[in-house]
Amino acid sequence: MAALTEFFSHLYTMTVVFFTLLLLEVAILIRSLTGGLSDSEKRLITTTQYLKFIEEKNPTIIYSTRSSSRVDLSSNECTVCLSELEEGEKVRKLKCKHTFHKDCLDRWLQQYWATCPLCRTKVLPDEVVANYHRLQNQVEYDGSDEEMIFLLSALHDNSLHRLF
Ligand SMILES: [Zn+2]
Ligand SMILES: [Zn+2]
C-alpha cells in the first residue's frame, strides 16, 4: 500500500514537472516568434541610430584654422582629450560654438548625458537620449532568457534525478 502511495506521489511530481516544462517551453517559443519586442522597445534607439542623430544635428566638418573665426582661435583645443585641434581633423561644432574631435564628442555623448562637455548645452532632444540609454541599460541587463534557460535545465536535472 505504501508503495502505491509512493507511486502516485511520484506520478504527481512528474506531472507537475512535465507541465511546468511545457509551459516554460511554450513561453520561450512565443517570445522567439514575436521577436521579444514590445511596442515601447521598438522606439528604443540603437547606437547606430543615435550616432546618426548626432550627425544630423551637428554635421562632421573638417577642421581648418582658416575657416574658424578669430574668437575660436583662443580655444582651439578639444576639451575631451585635451589635445589641440589640427588642420584637417574631423570635428563637430556644436550650437554653442564649442568644437571637439568627432570621435571624442561621439564617445562623450554615448557615455554621459548628451550635453556639451564644456558648457552643458543640450546637444540632442531629451527623448532621443532617454530612449538610447534605456536600450543600453537593457542590453547590459538582458539576462531574462538566460535565467529562463537556467531554470529549465535545473528542472530537467531535477526530473532526471527523480527518475533514476
Ligand atoms: Zn579630442
Ligand atoms: Zn558648449
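Visitor: What makes the arrangement of the four donor atoms around the zinc ion (ligand 1) tetrahedral?

Guide: In this predicted model, the four donor atoms subtend angles of 102 to 114° at the zinc ion (ligand 1). Four donors count as tetrahedral if all angles lie between 85 and 135 degrees, so the arrangement is tetrahedral.

Visitor: Which atoms are the protein donors of that zinc ion (ligand 1)?

Guide: They are Cys78 (SG), Cys81 (SG), His101 (ND1) and Cys104 (SG), lying 2.0 to 2.3 Å from the zinc ion. The cut-off for donors of this metal is 2.8 Å. Along the chain, the donors follow the spacing C-x2-C-x19-H-x2-C.

Visitor: Why is Cys78 called buried?

Guide: Buried means under 20% relative accessible area, and Cys78 has 0%, so Cys78 is buried.

Visitor: And why does Cys81 count as partly exposed?

Guide: Cys81 has 36% relative accessibility.

Visitor: Which residues of helix 4 are buried?

Guide: Helix 4 (residues 102-111) has Lys102, Cys104, Leu105, Asp106, Trp108 and Leu109 as its buried residues. Their cover includes helix 3 (47-57), strand 1 (60-62), strand 2 (77-78), strand 4 (90-93) and strand 5 (99-101).

Visitor: Let's turn to helix 1. Why does Val26 count as partly exposed?

Guide: Val26, which lies in helix 1 (residues 2-34), has 41% relative accessibility, so Val26 counts as partly exposed. Val26 also belongs to a nonpolar surface patch with Phe18, Phe19, Leu22 and Ile30. Together these residues have about 470 Å² of accessible area.

Terms used. Residues are numbered from 1 along each chain as its sequence is written. Chains are lettered from A and ligands numbered from 1 in the order in which they are written. This is a predicted model: local features need pLDDT of at least 70, side-chain atom pairs count only at pLDDT 80 or more; totals for chains, interfaces and linings use all residues. Side-chain values use heavy atoms; hydrogens and water are left out. Patches are made of residues with over 30% relative accessible area and no salt bridge: like charges are joined within 9 Å, nonpolar side chains (Val, Leu, Ile, Met, Phe, Trp, Tyr) within 5 Å. Accessible areas come from the Shrake-Rupley method with a 1.4 Å probe; for residues, only the protein chains shown count as cover. A salt bridge is a side-chain nitrogen of Lys or Arg within 4 Å of a carboxyl oxygen of Asp or Glu. Helices (H or I, at least four residues) and strands (E, at least two) are DSSP runs, numbered from the N terminus. Buried means under 20% relative accessible area, exposed over 50%, partly exposed in between (1.4 Å probe, protein chains only). Contact means heavy atoms within 4.5 Å. Donors are N, O and S atoms within 2.8 Å of the metal (3.2 Å for Na, K and Ca); water is not among the atoms, so sites may look incomplete. Four donors count as tetrahedral if all angles lie between 85 and 135 degrees; four count as square planar and six as octahedral if opposite donors are over 155 degrees apart and all others between 65 and 115; anything else is irregular.
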